[in-house]
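My notes follow the order in which I looked things up.

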Amino acid sequence: MSNKKLLIINGPGLSNLSNYSELGYDGLSLDILKQKCIAACESLGFQVDFRQSDDESDLLKDIKVDIDNFNAFIINPAGHLHSSSISHDIFNSIISKISSKNKPVIEVRIENIFKQEGIKPMQVSDSGAGFIGGLGIQSYILAIKSINQKISNK
Amino acid sequence: MNIYVINGPNINLLGTREPEIYGKDTLNSITKTCNDKASKAGHSLHFMQSNYEGEIVEWIQDAIIQKVDVIIINAAAYTHTSIAIHDALKSYSGYKVELHISNPHLRESFRHVSFISSTVDAVVAGLGADGYGHVVDLLSELPIKVN
């Protein structure tokens, strides 16, 4: 069985990336992001499932099965540009579960979240989780390349 | 593109210092990787490391004077303490990436504060020593204004 099955999860707010143009990331759309991720994955031999929903419960309803079915994960919890009520605890516990199974997981952000006060990245207890923020679409591409190298070195 | 890769305290011990956290790569091997990738892409890259805060501040000031296009900085422990490095980076208007080998947010609580993150364009952490090469590779894809 291929060990190159990657799940990319995009949280609430990422359906409309025009929000990010205020931050200097012009010309972004979810479709462009998806196409670039799929192209990067195909060139590295990954099967990829790219998901986005503004409804967290819908996005994560099968997450237990997903954690078993995929070998690596990229998660953009987003949310804060969309709604202040989003619960980071849910994503936090998912990232923690994935890294406890010793599978690569990277939290990505389009923007540098540290430029906004009060926004913090996931703080999980297990090591093995990476963080990339501020590179625009390239945050995802860097995550894909890094995961590829990690899996290939195993 | 002109690039400074600036490294802070104890990075010179890589390969021997807590390899379970930082890996087995040495500073020499990381330097070589960065230099090779930069020269392939036609960049000029200077890789530096110091255990002294003031020397790091002076390198950032030098980057301002020399109009260096990109600073990749792993300030190591000074990340969590140095307002001087924060101020120097704020004065530098080129493209800035904060890099960490491990993910400081997964470690002791005293590493959860970074005085650097709010001054940079991007933060990359927890990708291991390979993070350096990945970031150098990526620079050509980023909207960086080259002097």
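I looked up burial along H1(A) in this predicted model and found A:Leu33, A:Cys37, A:Ala40 and A:Cys41 to be buried. I then checked their directions: they cover an arc of only 100° around the axis, so they lie on the same side of H1(A).

I next asked what the buried residues of H1(A) pack against. I found strand S1 (5-10), strand S2 (47-52) and helix H5 (137-153), which belong to chain A. On the face of H1(A) turned away from the buried side I noted the exposed residues A:Asp31, A:Ile32, A:Ala39, A:Glu42 and A:Ser43.

I checked the length of H1(A), residues 30-43. At 1.5 Å a residue its 14 residues should span 20 Å, and the end C-alpha atoms are 20 Å apart, so the two values agree. After H1(A) I recorded A:Gly45, with a positive phi near 80°.

I turned to the contact between the chains, which takes 19 residues from chain B and 19 residues from chain A. On the chain B side, the elements that give two or more residues are strand S5 (122-125) and helix H5 (130-138). S5(B) gives the most, with 4 residues. I noted that the residues of this side divide into 9 nonpolar, 7 polar and 3 charged.

Last, I looked up the strand pairing across the contact. Strand S5 (residues 129-133) of chain A pairs with S5(B) in the antiparallel sense over 3 bridges. In this pairing A:Phe131 stands opposite B:Ala125.

Definitions and conventions. Residues numbered from 1 in each chain as written. Chains lettered and ligands numbered in written order. Predicted model: local features only at pLDDT ≥ 70, side-chain atom pairs only at ≥ 80, totals over all residues. Expected span 1.5 Å × (residues − 1). Buried ≥ 20, exposed ≤ 12 C-beta atoms within 10 Å, placed from the backbone. Arc of directions from axis to C-beta. Contact = placed C-beta atoms within 7 Å. Nonpolar A, V, L, I, M, F, W, Y, C, P; charged D, E, K, R; others polar. Pairing = 2+ DSSP bridges.
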